[in-house]
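Please open the structure in your viewer and keep the selection tool at hand.

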Amino acid sequence: MRTETPVSVKLEDYTPYPFEIDSVSLDFSLELEATRVRTKMSVRRVRPGEFVLDGEGLTLNDISIDGTPLQVSDYKIADSKLTIADVPDTFTLETDVTINPKANTALSGLYVSAGRFCSQCEATGFRRITYWPDRPDVMSRFHVRIDADKATYPILLSNGTPGKAGDLPGGRHFAEWDDPHPKPSYLFALCAGDYDVWRDSFTTMNGDHVDLGVYVDKGQADRAEWAMESLKASMKWDEERFGRAYDLGVFNIVAVRDFNFGAMENKGLNIFNSAYVLASPDSATDADFEAIESIVGHEYFHNWTGNRITCRDWFQLCLKEGLTVFRDQEFSSDLRSRPVQRIKDVMRLRARQFAEDGGPLAHPVRPQAYGSIDNLYTATVYEKGAELIRALTVLIGDDAFNKGMQIYFDEYDGTASTIEDFYSCFEKASGQDLSQFRLWYAQAGTPEVTVVEEWDEAKSELTLTLSQKTPPTPKQDTKKPVPIPLRASLLDGKGGHVEAGGWQDGETVIVLDEAEKTVKVNLAKGSARPLLSINREFSAPVRVRRDLDKAGLLKLAAAETDPFNIWDCFQSLAKTEIFRLLDEPQSPPDDALVSAMADAVRLNESDPAFAALLTVLPDVGELFQDREPADPAGLDSARKRLRKAFAEALAGDITRILEQPSPTPFKPSAEQAGTRALRGAMIGLTGALGTPEAASQLKSHFDSASNMTESLACLRSLIPLPGKARDEAIETFYARWKDNPLVIDKWFAVQAGQGTAEDARRLSEHPDFDMSNPNRVRSVAAAFSMTNLAAFHAPDGKGHEVIADIIQRADKLNPALAARLLTSFEQWKKLEPKARASAKTVLERLQEAGLSKNAMDIVSRALD
Ligand code: 0A1
Ligand code: ZN
């Protein structure tokens, strides 16, 4: 048995590095199985302490100080660290190591994807390339020289701007790259191979010229156009919104098929999962175009929030990630529809982060300790981290927020900073003490806010009693109150606002910063009782509990002026109705509610992207969070009954909308995407009807679809409808796209996302299933375990077994991937007894069998 119980790293143990390394030269001689890396660094002592470097899986050929080779007795290599006992105060260290990129299946460090070299160094990949103090607070100027076989690797890229290049004997060539900006090692990047390039340029607001390139597989350059457009839009947006320009003459993006995450913000050389670069109208959905735009933006925005100002240590990860997610969400809101973007962001937050916060893997946005850094790239750090920045803007106002950001950029440029540094800027800008707000970063769990209203008719006075409570989470039993900024408004029920003393334009921000708070609002004598709209635009990441019944919620939905809250009222109504249908399996869905839901869709048809969101019922993952013990299969069938009734109520509209032609020629614009989103919603509802006629309509729509959004929507809707139409669609789709891996990923995912455990197993045995490719593994395993909860958590335990088998195989190659897949078990304690027992057995079996450090960290926390 192999049990690598992770040792925990603690925030309180942080000590600064005793040395500074002003500059480093890296010399790569690329060979698939034996790459030589020669490193030369100028080291300067700045405080007392040992000279220790990190290094993992390196074969050390030579090591010298100031040109004198070290003897084996001069240094120690143990536990992935190289320690040199006696070093001068200033010296040059040279190392020469050999690494094997081809054998690197973990995709961390330097590895090979489709015969080309690429690197991934966040968080601790650089130590798999050379010996180095691999921590973000050691920042250095990098000079890189790469030599390689010219015919196989004609393009050699690294960070910064290109220097000398030329031919070498033996068919080899070399290229040099210089990055003038000091950076931590996690931002180092190298790519080498044969690519096609989509080129363009950008002139910054300072008049500087920037050469832009998107490097992709041969023959695919035109599929990089949208990524390039998104990059230029991002560069312009950061100048206009935050006054920040790009700072090098070159910005390159390289797309790779094998990548553990979405993309990586390496300085001047972003490396992307090809799923977030390549797009063409026939092969990419609107969701793909939107994701490319937002991820290109995200990585570009890191140039200021992450690269120029980086993190002191990995506990501060949210400093760059939460802030950069906030920035990319704002970018998408400005380019597309703000309310639609807000709803999508909250859907994602509730599905992923609220679930995480409510289970055994819950952790604060800035934790005090972690077992494995790779497992800290979570929805809590990213999504809740972004919500906290948004809540800060509500708390201190946009002007103080913008001022604080400028202080941050100006005062902390070139540093490795902390959350405290960041908040000091907003304290300066707003004059407010934000120490209580920072508690949000230290406490895990989603606060629950209860709102009780009392109306005094005689005094025309509304009394609001607001209270907050954050449930216990692992190692945190009690919580202190946090400041919760709730945007609020009083509605007159006729589409307008009621003027209340001190509320500007009918709106205010109530800051609930105690366990309980009472707010009295006095209205003009004789006023009718107003309706309260609260947590408008989802101003704080909390669950709001209100004493509103179905009639009250319907009335509020009709009176609401905030699109987010309109959508949210219907979400609450649908949720309550699904729970009722689960508890009363014989009872039909409530007609009045269903027709109100259908009316809301019709009423908003002029904003089709918003109307499409009104057709989406809360998914099982979200419903799950409110039921203990949770019965995913029961919730799924109750949800399907409501969805079928909803589809029946919209039958005429479905036909009418789908009879109109899809917009041509295809453009990935927000406007066209909105139209297609509503059409896609109608295709989805056609599937929910579940009749043979529906299946044949879907099949004919599938056959004539002119874009991937609709083609995939039809395929998705056909999957749960067994029969010839479905089987033919599955086959035709495969035959048409078998040479396009990104589309075949979708083909796997739609089937795994709606099939049984047997289907998931069959897909994992398909000849195109590839354990070494994270996208393909996720297209089966994550689609099944994270979006198909009824089948994954089936009481017979078969769903758990199939995923556990995939995880065990994946872990041997790629621990970060396996650990991420394991998080799908995070809700196991909430399950009904049979599924709960099966999940426990499977987790214990995995623990017993022995797993990587990353995977063990998740399993042991889940079982705790
Ligand atoms: N910083 C990247 C995310 C990322 C993290 C780790 C990676 O490899 C282990 C790769 C990417 C981002 O926020 O986009
Ligand atoms: Zn990021």
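Predicted model: local features only at pLDDT ≥ 70, side-chain atom pairs only at ≥ 80, totals over all residues.

Begin by selecting strand β7 (residues 75-78) together with strand β8 (residues 81-84), which pair in the antiparallel sense over 4 bridges. Within the pair, Y75 has I84 in β8 as its bridge partner. The two strands form a hairpin with 2 residues between them. Now select D79, which lies in the loop between β7 and β8. Its phi is near 50°, a positive value in a residue other than glycine. Is D79 buried or exposed? With a relative accessible area of 75%, D79 is exposed.

**A sheet of four strands**

Next, display the open sheet of 4 strands whose order is β29-β26-β25-β31, with mixed pairing. Select β29 (516-522) and β31 (543-546), which stand at the edges; each has a single partner strand, so one side of each is left without a neighbour in the sheet. From one strand to the next, the twist averages 25°.

How many bridges join β26 to β29? There are 7 bridges, and these two strands run antiparallel. To see one position in this pairing, select L466, which stands opposite K517 in β29.

From β26, move to K475, whose place is in the loop between β26 and β27 (484-491). K475 has a phi near 65°, a positive value in a residue other than glycine. The residue is exposed, with a relative accessible area of 83%.

**The zinc ion**

Select the zinc ion (ligand 2) and show the side chains around it. Which residues coordinate this ion? They are H298 (NE2), H302 (NE2) and E321 (OE), at 1.9 to 2.1 Å. Along the chain, the donors follow the spacing H-x3-H-x18-E. H302 lies in the loop between α2 (286-301) and β22 (310-311), while E321 is in helix α3 (residues 317-335), so the pair ties together parts that are 19 residues apart in sequence.

Why is the arrangement around the zinc ion (ligand 2) called tetrahedral? The 4 donor atoms subtend angles of 98 to 127°, and four donors count as tetrahedral because all angles then lie between 85 and 135 degrees. For reference, the ideal angle for four tetrahedral donors is 109.5 degrees.

H302 counts as buried, at 0% relative accessibility. E321 is also buried, with a relative accessible area of 1%.

**Aromatic rings**

The structure holds 45 aromatic pairs. A pair of aromatic rings is described by the distance of the centres and the angle of the planes. Select Y377 and Y382, a tilted pair with 6.4 Å centre to centre and 50° between the planes. Both Y377 and Y382 are buried.

Continue with F422 and F426, whose ring centres are 4.7 Å apart and whose planes stand at 65°, so the pair is edge-to-face. Both residues lie in helix α7 (residues 419-430), 4 residues apart, about one turn of the helix. F422 is buried, with a relative accessible area of 1%, and F426 counts as buried at 0%.

**Charges over rings**

Select R241 and F242: the charged end of R241 sits over the ring of F242, 4.4 Å from its centre. Then select Y14 and R312. Here R312 lies over the face of Y14, at 3.7 Å from the ring centre.

**Towards the end of the chain**

Select E628 and P629, which are joined by a cis peptide bond with omega about 0°. P629 has its place in the loop between α13 (620-624) and α14 (632-649). Another cis peptide bond joins T664 and P665, with omega about -15°. P665 is found in the loop between α15 and α16 (670-689).

For the last stop, select I654 in helix α15 (residues 651-659). I654 counts as buried, at 5% relative accessibility.

How values were computed. Residues numbered from 1 in each chain as written. Chains lettered and ligands numbered in written order. Heavy atoms only, no water. Pairing = 2+ DSSP bridges. Axes fitted to C-alpha atoms, helices over the stretch in contact; angles between N-to-C directions. Phe/Tyr/Trp six-rings, centres within 6.5 Å; stacked < 30°, edge-to-face > 60°. Buried < 20%, exposed > 50% of the residue type's maximum accessible area, 1.4 Å probe, protein only. Lys NZ or Arg CZ within 6 Å of the ring centre and 35° of its normal. Donors = N, O, S within 2.8 Å, 3.2 Å for Na, K, Ca; no water. Tetrahedral: all angles 85-135°; square planar, octahedral: opposite > 155°, others 65-115°.
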